[in-house]
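Subject: Structure handover

Hello,

I am passing this structure on to you. Please look through it before reading the notes below.

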Amino acid sequence: GTRIIYDRKFLMECRNSPVAKTPPSDLPDIPGVTSPSVEESKTENNHVQNYEEKENIGEEEQFDMDI
């Protein structure tokens, strides 16, 4: 078979193309997959708020180390 090989420069240029930033027009509407569901948006907002609250508490080490 024939293989198409793209170089890095071409792929990096394609990344900034307007076509690469828009979803296909013929996708079905699947809540939570192709469109955000109402529950997910509420969960995401709560997660962001909880993360910001924890961030303000102070810095904690990620792991405890016994030396």
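The notes below go from the whole chain to single residues.

This is a predicted model, in which local features need pLDDT of at least 70, side-chain atom pairs count only at pLDDT 80 or more, and totals for chains, interfaces and linings use all residues. Residues are numbered from 1 along each chain as its sequence is written, and side-chain values use heavy atoms, with hydrogens and water left out.

The chain has 2 helices and 0 strands (DSSP runs numbered from the N terminus: H or I of at least four residues for helices, E of at least two for strands). Of its 67 residues, 1% count as buried (under 20% relative accessible area; exposed is over 50%, partly exposed in between, with a 1.4 Å probe and protein chains only). The chain exposes about 7,300 Å², of which carbon and sulfur atoms supply 53% (Shrake-Rupley method, 1.4 Å probe; for residues, only the protein chains shown count as cover).

The whole structure holds 1 aromatic pair. Y6 and F10 form this pair, which is stacked, at 5.4 Å centre to centre and 15 degrees between the planes (ring centres of Phe, Tyr or the six-membered ring of Trp within 6.5 Å; planes under 30 degrees apart are stacked, over 60 edge-to-face, the rest tilted). Y6 counts as partly exposed because its relative accessibility is 47%, and F10 does so at 39%.

L11 lies in helix 1, residues 8-15, and is partly exposed at 44%.

K21 sits in the loop between helix 1 and helix 2 (38-57). K21 is exposed, since its relative accessible area is 60%.

Regards
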